Structures are given as C-alpha cells and as structure tokens.
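This report describes selected features of a protein model, with attention to charged pairs, a helix and a surface patch. Please consult the sequence and the structure alongside the text.

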Amino acid sequence: MSKLLHTPRCSSIPHRSFSAITLSKSPLPIHLTPRLSPLHFQCRFSLYTHLSRLHPLLHSFPNSYHHRNFTIRAFDSSSETKNDALSSEKDKETKSSETEGESRSEDDNGGIVVDYPSGEFEFKEFGAWKSFIVKLRMLIAFPWDRFRKGSVLTMKLRGQISDQLKSRFSSGLSLPQICENFTKATYDPRISGIYLHIEPLECGWGKVEEIRRHILDFKKSGKFIVGYVPACGEKEYYLGCACEELYAPPSAYFALYGLTVQASFLGGVLEKAGIEPQVQRIGKYKSAGDQLMRKSMSEENCEMLTTLLDNIYGNWLDKISLTKGKNREEIENFINEGVYQVERLKEDGWITNIKYDDEVMSMLKERLGLQEDKNLPIVEYKKYSRVRKWTLGLSGGKEQIAIIRASGSISRVRSPLSTPSSGIISEQFIEKIRSVRESKRYKAVIIRIDSPGGDALASDLMWREIRLLANSKPVIASMADVAASGGYYLAMAAGIIVAENLTLTGSIGVVTGKFNLGKLYENIGFNKEIISRGRYAELTAAEQRPFRPDEAELFAKSAQNVYKQFRDKAAFSRSMTVDKMEEVAQGRVWTGKDAASRGLVDAIGGLSKAVAIAKQRANIPQDRQVNLIELSRPSPSLPEILSGIGNSLVGVDRTLKELLQELTASDGVQARMDGIMFQKLEGSSFANPLLTLIKDYLSSL
C-alpha cells in the first residue's frame with residue numbers, strides 16, 4: 001500500500017504586475033495506504049480535526065512584537081550551540097535592523113518592541129490631471145476594458161476561494177482577483193457601486209477577513225455596496241454585515257446557531273478491520289496519532305480544539321456586536337434562541353429588508369435614476385477581472401516588491417497526476433526564490449503562504465532558500481487561512497511574519513508509525529514472506545507483523561530526531577531558546593492572535609500590512625506608490641481551457657485526478673498539518689478523500 005500525499009504543481013508563469021499604495025497609521029498525518037506492499041506511514045507533522053462551521057472574524061491585536069534579524073548559517077542540531085548562536089545574534093540585532101519609520105522601545109522584560117506600519121487603506125480622490133489621464137486611457141482601452149458609466153459590479157462569493165491567481169480559463173474564485181476588483185472599483189469612475197451575492201463559503205477565516213477588509217475599504221469611496229444572502233451561516237453573515245445594506249429572500253436559509261468543532265477517530269474501524277496502528281507521537285497535541293489509535297478525544301486535543309473554538313466564536317461575537325451596535329450579550333442571546341425566521345431577522349436589525357434578487361435589482365435601478373424599462377448596467381466578476389489597473393491609473397512606481405505565492409500541499413517534484421496551481425512544488429518555488437535573489441529589480445519580497453504543509457525535505461530546502469534570500473533583501477511572510485507544519489516551516493525563514501487574527505499556524509510536532517496488518521491478512525487468508533539482509537531492512541516492509549523491540553526503539557528515535565530538527569530550526573529562526581520553543585511546539589495549532597502573543601508571529605494583518613512592512617524595511621516612504629510583481633500566476637492547462645468553453649466533464653476529471661494524487665506513493669518524510677476542516681468533511685480543500693470514502697461507505701451500511 002502506498003502513502004497518501006498531495007503532489008500538486010506550480011508551473012512556470014509570466015510575471016503579472018500591479019501597484020499598491022499603503023499608508024502608515026508534521027511529517028503528514030498518518031494515512032491508510034492502498035497497495036499490498038510494505039504498508040507504513042512516514043513521519044509527519046500533522047493534526048487531523050474536523051472543524052465544523054467555524055467562521056472567521058478579526059479581533060484587533062497590538063502592532064508591537066519582538067523583532068529579529070537573521071544571518072545565514074548552517075543548521076546545527078545541538079541545542080547548546082544554537083542557544084549560544086542566538087545570544088550572539090541578538091547582540092547584533094539592534095544595530096543591523098534600523099529602518100526608516102520604525103519606532104523601537106523596550107518592554108518590561110528588556111525585549112525589543114517594534115511598531116510596524118498598519119498598512120490601512122485611505123481613499124484619496126484623483127486630482128484633475130490624473131482624472132483626465134484616466135479618462136484618456138479609457139478611450140483607448142481594449143474592448144474588454146470598456147463598459148458604460150454608472151455600471152454596477154456584481155460578484156458572487158461562494159464555494160472555495162483560492163489564494164492563487166487564476167488564468168482566464170480557470171474556474172472558481174481567486175482571493176487576489178477579488179481584492180483587486182474591490183480596489184479597482186473604488187477608483188473606477190464608471191462603477192457606481194457593488195452588488196455582492198454571498199452564498200455558503202468553503203474557505204478559511206483568513207480569506208474571509210481579507211475580503212471583509214476590502215469591503216470596508218471600498219465603503220470609504222462613498223459608493224454603495226449591497227449584499228444579498230439566500231443562504232447564510234456565521235461566515236457568510238460576517239461578510240454580509242460589513243456591507244452598507246443586506247437583503248435576503250423570504251425563503252432564505254439562515255443558520256446562525258453557533259459554532260462547533262469535531263474530531264474523527266478511526267480506532268474502532270481499524271480494530272474491526274484487523275489493522276493495528278503502531279504510532280510514535282512526538283508532541284502531546286499531535287492529534288493524527290489519536291485519530292488512528294483512539295476511539296475518543298484526548299484531554300490535550302480537547303484543550304487545543306476548545307481554545308481554537310473559543311477564539312473563533314468570541315471574535316465572531318465581538319465583531320458582529322460592534323458592527324450591529326449591540327452588546328455581546330444581546331448577540332449571544334439571539335444566537336441561543338435558534339432564530340431561523342427571516343422576518344425576525346429583519347425586525348431585530350440583522351438584515352436591512354426582505355427582497356428577492358429582482359427586487360434588489362429594481363431598487364438599484366431606481367437608486368441610479370434609471371427608467372423601469374431599462375436594464376441595470378452590470379459588470380460581472382470575470383469581465384472586470386480583465387480590466388487593467390493601468391487603465392485606472394493604479395499602476396506605476398519605480399520601486400518593485402515581488403510577491404511569491406505558496407498555496408496548497410508541499411511536494412518536492414511534480415507528480416504526473418498533478419494539475420497546474422494545485423500545490424507547491426519545491427523545485428519551481430526555489431527557482432523563483434533564486435531568480436528574485438539574483439535580481440536587483442526587487443527592493444523586498446513577500447512570501448504569501450496558504451498551506452497545511454507536505455513533504456518535509458521540500459519544506460527544508462525551501463526554508464534554506466528563503467533564508468538566503470532574507471540575507472540579501474527584506475522578506476516578509478504573509479499567512480492566509482493556514483500556514484502550519486510545512487507551511488510554518490516556510491514562514492519562519494522570513495524576517496517578519498504577518499498573520500490574520502484567525503490564521504491556523506504552528507503545529508510543530510511529529511507523528512510517525514506503521515500499520516500491522518497481520519490479523520487482517522490472517523482473516524482474509526493472505527500470506528506474505530520476506531527475505532532480507534540487514535538488521536532493520538524489514539522496518540517498514542514487514543507490515544504483516546508488529547515491530548520487534550529493537551525496531552520499535554529505532555523508529556521512536558527516528559521520530560524524536562525529526563521533531564528535534566523541526567523544533568530547533570523553529571527556535572533558531574524565531575530567535576527563541578529551545579526550551580521556550582518547546583513550550584509552544586508539541587504539535588499544537590494556534591490562531592494567529594495566540595501565535596503572535598507567543599512569538600511565533602510578529603504582526604496581525606493582511607497582505608496590505610505585509611506590503612507596508614516591506615516598504616518600511618526597504619526604506620520606501622509609506623505614501624509612495626510601488627509595483628507589486630506577482631511571480632506565481634499559473635498558465636492555463638488544457639482541462640482548464642476546455643472548462644472555460646463549457647466542458648462539464650473536466651470537473652469530474654479534475655476530481656478523479658485529485659483523488660488519485662492522494663493515493664499516489666510518496667517517498668520521504670512529510671511535514672504537514674492535514675485535514676483542517678472549515679465546514680464539513682467533504683467541503684475542505686485540505687480534506688483527506690480516503691476518510692470521505694470511508695464515511696460514505698459506513699453511511700451506506
């Protein structure tokens with residue numbers, strides 16, 4: 001049986017540039033493996049939990065954190081050597097990291113505190129000359145850049161939202177393009193407002209917070225933004241309530257009942273199948289071992305999941321109460337009533353009014369002064385995504401900041417089954433890093449991470465290259481939904497880490513083991529005999545028997561060694577002692593806010609904050625326009641092109657490919673936090689399809 005893993009790919013892509021102005025103010029969870037050959041699972045930094053109906057909201061957090069300056073050096077596994085090195089680097093830190101606009105002070109414990117720029121958006125109307133230039137550019141714009149003045153931008157937010165840029169033939173939504181559309185519409189004189197359809201979302205809290213931030217920024221332009229929610233849970237309402245007005249049809253499904261967290265356990269299933277998992281779990285919060293060995297939740301896992309749930313639910317209550325002008329107790333009481341009637345939601349001020357979609361469109365026509373027999377001029381998301389920022393005068397600036405996106409599972413080489421933009425391929429990622437390091441064009445680099453991890457070797461190789469890059473120019477890591485295990489491995493190589501308030505990060509731990517299939521083979525009459533040379537040759541090959549005592553000892557030491565390397569590198573990268581890092585490691589997953597208070601993250605915010613900090617570190621004035629050069633735009637594949645012209649079978653083909661990818665054999669240690677769920681088992685892009693199949697099979701019995 002072969003190990004499950006993700007083997008996505010990121011193909012070479014042309015550069016895509018745009019500009020921005022900011023103003024200051026786990027080797028992988030152990031999986032069942034499907035072939036009758038050595039069955040085992042490799043060491044992975046992982047956690048498997050089913051987080052159901054958890055929705056994002058951002059709670060403010062202080063902008064001051066301990067600052068580190070890094071030098072490139074070989075990693076030494078000796079804790080004593082590492083601590084000595086950290087002490088010497090801290091002595092140099094103050095002198096070497098002074099940058100323009102960076103205020104410094106000492107906290108009560110004598111540590112260095114840095115106040116980073118907020119990156120908060122401020123709307124400034126164009127002057128007469130720039131307005132004239134924009135109008136002139138609109139006259140000579142490409143046909144797809146043109147539409148009539150007074151148009152309404154319509155966007156439908158639903159399903160999965162990728163943090164990667166997408167080609168014009170790609171299906172689904174792209175967070176960078178959604179955010180760019182909000183920015184363009186803010187300044188586009190042809191756009192009168194935005195009509196936002198919000199339906200059930202299958203993305204994480206970081207992306208939702210980024211979208212909400214852009215909704216609030218758009219409102220600063222004075223243009224209207226109207227939301228429409230036919231089906232609404234906590235996550236959808238979190239976006240909807242940020243709109244100026246929010247409407248719902250009379251038959252709308254509202255399920256504002258609160259949040260839950262779930263963990264799945266396969267211990268009983270494997271026991272009945274005659275499979276004995278032999279697990280070494282390094283890190284008491286590493287729940288993948290629990291998933292296979294236990295039939296119920298451990299105290300440590302319960303503690304971790306309860307903390308995550310409290311953070312998410314508490315922040316949701318706080319944000320909604322602030323937006324609706326109600327106190328937190330009122331919001332919580334309303335949730336606990338189990339209200340589902342749309343009329344009641346209107347009466348209590350949760351929505352603006354009850355209207356069908358056509359009634360909202362008629363209302364917008366009236367607002368724009370159009371006659372009833374006229375159609376509402378609208379511009380859809382896909383068409384508006386093709387409008388260039390140059391047309392609107394939003395590009396320019398001499399200084400360039402590179403953005404390299406790392407989304408999805410991590411693998412070292414591209415799998416034959418992988419599809420474009422389905423994950424992080426270390427070979428391709430390293431090529432981009434090296435090209436940026438060798439180029440003098442870029443003043444700073446932002447590594448945008450949305451990954452639960454993957455191959456440990458690939459993660460380490462990319463960590464090294466990012467460290468080398470950070471030695472030559474400022475590197476900022478910006479986290480989206482999740483940057484844990486291998487994802488955090490990448491982030492910790494950067495000089496500064498920026499995370500959303502509810503980004504899932506950390507998960508520094510190890511779980512490893514193999515499956516003993518002796519009883520299963522006996523039950524089905526299967527026999528396997530092995531001839532070997534070498535004392536430990538059958539360590540992972542002999543799945544028909546349990547470990548011998550000496551094999552179990554070697555396996556345990558190997559897992560300890562992998563964990564020690566990961567933990568010590570994290571301590572070194574974050575300028576922490578190993579003992580201090582041990583307190584926050586042990587496989588525990590943290591929200592961005594909690595990670596910041598424990599030194600795993602430096603600042604709380606989105607991509608705009610990362611850009612502001614990059615400008616600060618590169619000594620670029622905050623009010624100066626810079627070009628953000630995207631280096632991770634995927635090239636369209638043939639299936640995507642076919643999908644773009646309406647071939648519905650392509651979606652099925654892609655689904656089968658992704659499943660086969662999961663079942664493809666993988667060599668080497670994995671560093672991954674797998675299976676973080678946002679709504680339901682089959683709804684997450686990081687879900688394990690094998691568990692979905694098991695669930696469906698058991699449901700059919």
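Which kind of contact do the side chains of K184 and E180 make? In this predicted model, the two side chains form a salt bridge, with an N to O distance of 3.6 Å.

**Salt bridges within helices**

K184 and E180 are both part of helix α3 (residues 175-187), where they stand 4 residues apart, about one turn of the helix. An α-helix has 3.6 residues a turn, so residues three or four places apart point the same way. Side chains of opposite charge can pair when their charged atoms come close. K184 is buried because its relative accessible area is 0%, under the 20% cut-off. E180 is likewise buried, at 9% relative accessibility.

Helix α18 (residues 578-584) holds another such pair: K580 and E583, 3 residues apart, again about one turn of the helix. Their side chains meet in a salt bridge at 3.8 Å, N to O. Here K580 is partly exposed, with a relative accessible area of 43%, whereas E583 counts as exposed at 57%, because the cut-off for exposed is over 50%.

**Further salt bridges**

D594 and R598 also form a salt bridge between their side chains, at 4.0 Å from N to O. D594 is buried, with 14% relative accessible area, while R598 is partly exposed at 34%.

| Salt bridge | N to O distance |
|---|---|
| K184 and E180 | 3.6 Å |
| K580 and E583 | 3.8 Å |
| D594 and R598 | 4.0 Å |

In total, the structure holds 37 salt bridges. A network of salt bridges links D163, E210, R213, R405, R448, E500 and E630.

**Helix α8**

Just after α8, G325 adopts a positive phi of about 70°.

**A nonpolar surface patch**

W129, F132, L136, L139, I140 and W390 make a nonpolar surface patch of about 710 Å². One of these residues, L136, is found in helix α2 (residues 128-139). L136 counts as partly exposed because its relative accessibility is 41%, which lies between the 20% and 50% cut-offs.

Key: Residues are numbered from 1 along each chain as its sequence is written. This is a predicted model: local features need pLDDT of at least 70, side-chain atom pairs count only at pLDDT 80 or more; totals for chains, interfaces and linings use all residues. Side-chain values use heavy atoms; hydrogens and water are left out. Helices (H or I, at least four residues) and strands (E, at least two) are DSSP runs, numbered from the N terminus. Patches are made of residues with over 30% relative accessible area and no salt bridge: like charges are joined within 9 Å, nonpolar side chains (Val, Leu, Ile, Met, Phe, Trp, Tyr) within 5 Å. Accessible areas come from the Shrake-Rupley method with a 1.4 Å probe; for residues, only the protein chains shown count as cover. Buried means under 20% relative accessible area, exposed over 50%, partly exposed in between (1.4 Å probe, protein chains only).
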